[in-house]
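The model is predicted.

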Amino acid sequence: MWKNLIVLKAGCLLVGLVLFNSCKHEPFWNSQQNGGGTDICFETEILPDLVSGCGRSGCHNGGNSKDNLTTYAGLMSAQMINLEKPEESKIIEVLLKTKDSDRMPPPPDARWSDAKIQKLLRWIEQGAKNTTNCAASCDSSVFTFTKVKSITDQYCLGCHSGSTPGGGINLSTYAGVKAIADNGQLVGAVRHQSGFEAMPPSGSPLSECNIRVIEKWINSGASNN
Ligand code: HEC
């Protein structure tokens, strides 16, 4: 079995591919040479993926002996990042694995999309810097559902979707978000009000601007706009 996989992998590598399960993909690593493009922000672009993709309760959230992947310090001390050879970083390797018993995150979580893995790889190529307070693109004068959804997709969806969403709350649809908007849980959770679980449960809280967008949307009727 392993021998077969290795042969298969070598075959793919020969034609310049790394995703060894499917030779028809575009080359994985060559799309962005040397981390090209603008700097990726750790706090807003990488950490939310790690928190929702690796930091569920019982996983890499610091609540057990496993590596804590919900803080920059934890990620660095887990020795999963290889700055010399970014594509050989342990974290990239386990994300790329396709066999259910090997991959992270394990089932029932979905395998990360190539785009998400590529973004992480580019961040490592750029030096895996702890970038915070990145020039926020948030403008709270726009408070449509589309805007709210972009925030919940980025910071919440990884845990609140799929077959076992956190707390039984599925935030992949308007109806799902609207339900917790109407019953006060949404603001309670992101404002860390007493009586509510603080959300996201680890990593950074939402920015004040993002919370204002959510509140203004709710106060204006929480419509599907
Ligand atoms: C790392 C996984 C994870 C992320 C990320 C996450 N949640 Fe949760 N959420 C949970 C789990 C699990 C629960 C169930 C309660 C518990 O066990 O803490 C929950 C519960 C909730 C609740 C119910 C809280 C209460 O006390 O009534 C709300 C509302 C909620 N989440 C909203 C959000 C929003 C909004 C975001 C994004 C800003 C978010 N969550 C991000 C895992 C997550």
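## A helix residue and the ligand shell

Start with Ala 73. This residue sits in helix α3, which covers residues 72-77. Is Ala 73 buried or exposed? Its relative accessible area is 55%, over the 50% cut-off, so Ala 73 counts as exposed. Along the chain, Ala 73 and Asn 130 are 57 residues apart. Their C-alpha atoms are separated by 9.0 Å.

Now the ligand. The shell around the ligand holds 21 residues. The closest are Cys 156, Cys 159, His 160, Gln 185 and Met 199. Two of these names, His 160 and Gln 185, return in the table of polar pairs below.

| Residue | Protein atom | Ligand atom | Distance |
|---|---|---|---|
| His 160 | side-chain N or O | nitrogen | 2.7 Å |
| Gln 185 | polar side-chain atom | oxygen | 2.7 Å |
| Glu 197 | polar backbone atom | oxygen | 2.9 Å |

Which elements give two or more residues to the shell around the ligand? They are α2 (42-54) and α8 (185-190). Helix α8 gives the most, with four residues.

What is the make-up of the shell by class? It has 14 nonpolar residues, six polar residues and one charged residue.

Domain 1 (10-125) gives at least three residues to the shell around the ligand. Domain 2 (145-219) also gives at least three.

Definitions and conventions. Residues numbered from 1 in each chain as written. Predicted model: local features only at pLDDT ≥ 70, side-chain atom pairs only at ≥ 80, totals over all residues. Heavy atoms only, no water. Near = heavy atom within 4 Å. Polar contact = N/O pair within 3.5 Å; in protein donor to acceptor, adjacent residues only side chain to side chain. Nonpolar A, V, L, I, M, F, W, Y, C, P; charged D, E, K, R; others polar. Domains from an automatic or database assignment. Buried < 20%, exposed > 50% of the residue type's maximum accessible area, 1.4 Å probe, protein only.
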